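Please look through the sequence and the model shown here before reading the report. The sections that follow describe the chain as a whole and then some of its parts.

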Amino acid sequence: MAKTNEAGVDIGLDEAARKKAAAILGTALADTFTAYLKTHNYHWNVTGRDFHMLHTMFQGQYEELHDAVDEIAERIRALGFKAPGSLAGFGKLASIGEAAEGATADEMVRDLMATNEALARNLRKAEGELGELGDISSADLMVARVTASEKHAWMLRATLA
């Protein structure tokens, strides 16, 4: 990740800081994409008495994650680097696991809750690292992503009560 630098990027961050920020964001992108794909998978495959409610909830969450993937990738581009965009590349960078095959609706909810909690922790760490680099725009993006992940986890947790 962060191998190609575009010439002429002068946004108040030196090249080393931008390269490090792009690498941090690349990991955030991979984790967010994996959470998106898992949520979309569960949207397609959920069954059971709570089908409609969960199908609808998962759709709202995967749509929000889809938009987040685009925002993170575009931020990497704004820093002057290429965003990772292959499944193989995401697989190397992501710490979030793929969807469990054959999961029950309850297992899906628990998996997505844990996924969003892990995503919130990872993005919170990224926010701190980006802030230390002086990349306030990327750090601010991570704050918004942490907030969204925490909300997703809360909504999923509430269905288990």
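## The chain as a whole

Buried residues, meaning those under 20% relative accessible area with a 1.4 Å probe and protein chains only (exposed is over 50%, and partly exposed lies in between), make up 43% of the 161 residues in the chain. This is a predicted model, in which local features need pLDDT of at least 70 and side-chain atom pairs count only at pLDDT 80 or more, while totals for chains, interfaces and linings use all residues. Residues are numbered from 1 along each chain as its sequence is written, and side-chain values use heavy atoms, with hydrogens and water left out.

The chain has 5 helices and 0 strands, where helices (H or I, at least four residues) and strands (E, at least two) are DSSP runs numbered from the N terminus. Its radius of gyration, taken over C-alpha atoms, is 16 Å, close to the 15 Å that the globule rule (2.2 Å times the number of residues to the power 0.38) gives for 161 residues, so the chain is as compact as a globular protein of that length.

## Aromatic pairs

Rings of Phe, Tyr and Trp (its six-membered ring) pair if their centres lie within 6.5 Å, and planes under 30 degrees apart count as stacked, over 60 as edge-to-face and the rest as tilted. By this rule the chain has 3 aromatic pairs. The ring centres of Y36 and Y62 are 6.2 Å apart and their planes stand at 70 degrees, so this pair is edge-to-face. Because Y36 lies in helix α1 (residues 15–45) and Y62 in helix α2 (residues 51–78), the pair ties together parts that are 26 residues apart in sequence.

Both Y36 and Y62 are buried, and ring pairs link F33, Y36, Y62 and F90 into a cluster.

## Around M57

M57 has its place in helix α2 and, at 16% relative accessibility, counts as buried. Leaving aside residues up to four places away in sequence, M57 touches M155, L156 and T159, where contact means heavy atoms within 4.5 Å. The C-alpha atoms of M57 and H43, which are 14 residues apart along the chain, are separated by 8.2 Å.

Across the chain, among contacts between residues at least 6 apart in sequence, 78% join residues at least 24 apart.
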